[in-house]
Amino acid sequence: MADLRPSEVRLEGNSWTPYLFAAPVAIYLILFQFYPLAQEFYLSFTSTDLLRPDDNPFVGLDNYAFLFEAGDLHNVLWITAIYTVCCVVFAVGFGLLAALLLDAPFIGRGVARALVTIPWAAPSVAVALVFTWMFNAQYGIFNHGLRALSLPFGAENWLDNPLLALPAILFTTVWQIFPFSSVVILAALQGVPHELREAAAIDGADRFNIFKIAVWPTIQPTVFMLVLFVTIWSLRRFDLIWLMTQGGPIGATNTMVIELYRQGFVYRDLGSAAAIGMIGLTVALVVTVIYFKVTLAAERAQGKR
Amino acid sequence: MSSIRFKNVTKSFGAKEVIRDIDIAVADGEFLVLLGPSGCGKSTLLRMLAGLESISGGEIVVGERRVDQLPPGQRDMAFVFQSYALYPHLSVRRNMTFPLLMQQFQWWYHLPLVGRMARNRIEKRPDVVTKIEKTARILALTEMLDRFPRTLSGGQRQRVALGRAMVREPQVFLMDEPLSNLDAKLRTSMRSEITALHREIGGTFVYVTHDQVEAMTMGTRIALMRDGVIQQFGTAREIYTDPANTYVARFIGTPPMNLIHASLSGDRASFGSSQLRLPQTYTTRAEVLLGIRPNAISIGQKEGAVPGRVVIVEHIGAESVIGVRLDEARTAHEADQSMDAVMVTVPGYTELAVGDAAYLSFDPAQAVLFSSTSGERLRP
Amino acid sequence: MTASPISHTLRPLAVLALLGIAAFPIYWMVVTSMTPSSELFAERPNLLPSLGQISIYGEVFRTIPVARWLWNSFVVAAGTTVFSILLAILPAYALSRFRFTGIAILGFALFATQMLPEAMLVVPLYSIFGKLSLLNSLFGLILANTAFVVPVITWIIKGAIDGIPLEVEEAARMDGCSRIDIVLAIVLPLIAPTLAAAAVISFFHGWNEYVFAQTLISSEQLRTASVGLASFVGELSTPIHAVMAVGVMYTLPAVIFYLFAQRYVVAGMTAGSVKG
């Protein structure tokens, strides 16, 4: 039977209650998330065409073998890795800087904090649309600006250029997601005891040292959690990339999710798509495990455990 | 030299003036206590001295240097916070080394590898190590040097905070109610430890507290504040025996000084049918408040004494506190002490009970007079 | 603390730069929508909207079924909000108050769903929905969206419930409330700000969602604004300023609503998680 916390014993009633509470959402998720997942797992071992989804001849590990040997998997993994790492570094980094900037009191701080969340509120489709226009070679505002300042790349069609496409996509993604980091870190900054900052100032610490010794230790758990979430979400980000470059040109922005979608809906090969999906999921799981191991080790070193 | 001088210091938060015209000075080596109730401005004044708050007007001079425009790290002062503010992820040793590290800090120490090497080098230097160990020994922290703040008790953390202040060997030690978070017994022992520390290492101490016992026992000079204004600045003895106004009189002492409505004429203070003959003659004739401490009153014979009735009796052990409502006079005690009683302390265990008649004799030599309108002290 | 004069001028500049970066693309979308065609392809870009061009909005409204798209998006977003909150309350409470092995698994499962991309599950969902006759219906889309937003919502609500002292519930218990009564009458009112935050988050998820809306809906009548707008990306026949106008009509309500609501969202998200 359910094992309740000591204080819970006093509230003892129907001991089926916890299961009843958890059941609806469990059933829902099984139906709409885990059963489809299981289906994907199964599909990855079949050769299935998009137009004949119920015809699933079993092919064993053929899909995986193809991906690893002849397919584009190495490039896809590489692009995914770069995209994810850069997203995390820049989104969390800029989020941190923005949060620090918005932390000190100044007139209009409330308004500023609200306005900085605009990118996060904008729908991905709209963001993809306007940024595609802004990156336009001839008429896009970015190139206008570059040309006006006599900087290079002012004539490039960013989204069509294999070297510039990924930076452009990264720029767009970071623009959209840094406010979330900023808001989360700002909330964490409120928990920094101001006396700790003052003690460091009196001890002669400059601004960086004050940050290192008084602020960072307090916000570190939050930032680490943020890194995990941004990583996982980057691994599954679809809308922006698909609408702006469809993974091109020549696979320059082809992350795993994009490749998955293309395999399934363009090449109509649901088996390969599912295989990529499984590989992607494995990557996400590995990342999560590594994350928890690293944070546990770090906490132990700091004397927390 | 670490004398401190506040010259006409004021502080306003927007339109609200919180510190008004503070002008006091203490000599090198003094133990200045800023005393007062919550919100009186004592912590603000301390923080202005430290550089954690800016000043709106006036000057602060330490030794020969004007410091009020300097950032906190450059005033050669150490600050002990009420919450100790220890660096949570550093060991006790590292907490105490940190100020020394900052003193030696060069801008390139911010670089990752270079910085760490430089830091290790400084931490291992013999003079640094000696200083830490010496300070740890003085504060009985030697066994705890490698532990983390989270594993220490309140009193131990307090001492680490003190240690962190001491290693800098600053000119001035600032303490913001450092004992408030400790339990009563610990507070008493830490009090004497801090006083002993002051004696041993010299330096000027500025100590903020709302506890008048701490102020009276620790301070060489006390500034009693209320609403941003200093009510009286002097030694403990002066403040006790020679209060400047009724606020000071009622703040210091447990139980506080009694204030009785009386009429003053020449050398007589009259209330009801009683008359007290004062040692000096006063030129003013006025309605006054007669101030007399509970231990300057005795209870005894009916003959020539002030009559009253006992309304409360408290047995403390070594003495008893008896509250007597006078038959023919009123006190000027705060409205919330609605008993309107003159408090008297007598040694030992009194036999008096609530409702008994009591006859009070006042010692005129210890009586002080205040204007009943302004509360200011009247002098002959 | 006394601030240096340099930071006094640098900070406002930095803040303005930050806000400029955050707001510019949306601003540019508005400007482009109100720039006449002739100027769109000119040598020097027009940085300010030509207010005379505001008639473009009327035109777009008439020629493109924007109103219908927006309405569909609204229905999906509102439906997602209602469903996801209803579904999330009980497990959030259970995760906060109960301890048993099943709960740990539930917690982990909710977290694990964060790793599942919509693009991956869209195919199996397509076939499941086909079998349940939920294809090509806004209701089906709502169900799909709910599945993806419930984990986040549950976590936030759980955090808020954590912040309610157990004594309050014990008092209610003494007064004879059953567990479900406690949840409805005591807990929910106390976490109202967080529920508001959860509502905003799920509303936005429904409003912004693209992949499912694209795949599970094929009828023109039921198309959502996200899909409608996406159909213009890369397509050349519709003039840019008209496309941007559609974009503005889709984005601005969301942004403005969010600007008003964000204070509650932040407060709601961090409720119960104050760490000293």
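A nonpolar core is a set of buried Ala, Val, Leu, Ile, Met, Phe, Trp, Tyr and Cys residues joined through C-beta atoms within 7 Å, where a residue counts as buried if 20 or more other C-beta atoms, placed from the backbone, lie within 10 Å of its own, as exposed if 12 or fewer do, and as partly exposed in between. The structure examined here is a predicted model, in which local features need pLDDT of at least 70 and side-chain atom pairs count only at pLDDT 80 or more, while totals for chains, interfaces and linings use all residues. Residues are numbered from 1 along each chain as its sequence is written, and chains are lettered from A and ligands numbered from 1 in the order in which they are written.

The largest nonpolar core has 166 residues, and those with the most contacts inside it are Ala88(C), Ile153(C), Ile157(C) and Ala198(C). Helix H7 of chain C (residues 138–162) supplies the largest share of this core, namely 15 residues; helices (H or I, at least four residues) and strands (E, at least two) are DSSP runs numbered from the N terminus. A second, separate core comprises 109 residues, including Ala205(A), Ala85(B), Ile230(B) and Ile297(B).

Chains A and C also meet directly, with 73 residues of chain A in contact with 80 residues of chain C, a contact being a pair of residues whose C-beta atoms, placed from the backbone, lie within 7 Å. On the side of chain A that touches chain C, helix H1 of chain A (residues 17–43) gives the most, with 16 residues. The residues of that side divide into 54 nonpolar, 12 polar and seven charged, where Ala, Val, Leu, Ile, Met, Phe, Trp, Tyr, Cys and Pro count as nonpolar, Asp, Glu, Lys and Arg as charged, and the others, Gly among them, as polar.

Chain B contains nine helices and 21 strands, and its C-alpha trace spans about 85 × 45 × 35 Å along the principal axes. Of the 380 residues in chain B, 40% are buried. Helix H6 of chain B (residues 184–201) has 18 residues, which at 1.5 Å a residue should span 26 Å, and this agrees with the 26 Å between its end C-alpha atoms; the expected span is 1.5 Å times one less than the number of residues. Just after H6(B), Gly202(B) takes a positive phi of about 70 degrees.

Two open sheets were examined in chain B, with strands taken to pair if DSSP finds at least two bridges between them. One sheet has six strands in the order E13-E12-E11-E14-E20-E21, with antiparallel pairing, and its edge strands, E13 (274–277) and E21 (377–378), each pair on one side only. Strand E12(B) (residues 268–271) and E13(B) are joined in the antiparallel sense over four bridges, and Ala269(B) stands opposite Leu276(B) in E13(B). The other sheet has four strands in the order E2-E1-E4-E5, again with antiparallel pairing. Its edges are strands E2(B) (16–26) and E5(B) (65–66), each of which has a single partner strand, so one side of each is left without a neighbour in the sheet. Two bridges join the antiparallel strands E4(B) (residues 57–62) and E5(B), and Val61(B) has Arg66(B) as its bridge partner in E5(B).

Asn245(B) lies in the loop between helix H8 (236–241) and helix H9 (246–251) of chain B, and this residue is partly exposed because 18 other C-beta atoms lie within 10 Å. Although Asn245(B) and Leu369(B) are 124 residues apart in sequence, their C-alpha atoms are 9.1 Å apart in space.

Key:
Contact = placed C-beta atoms within 7 Å.
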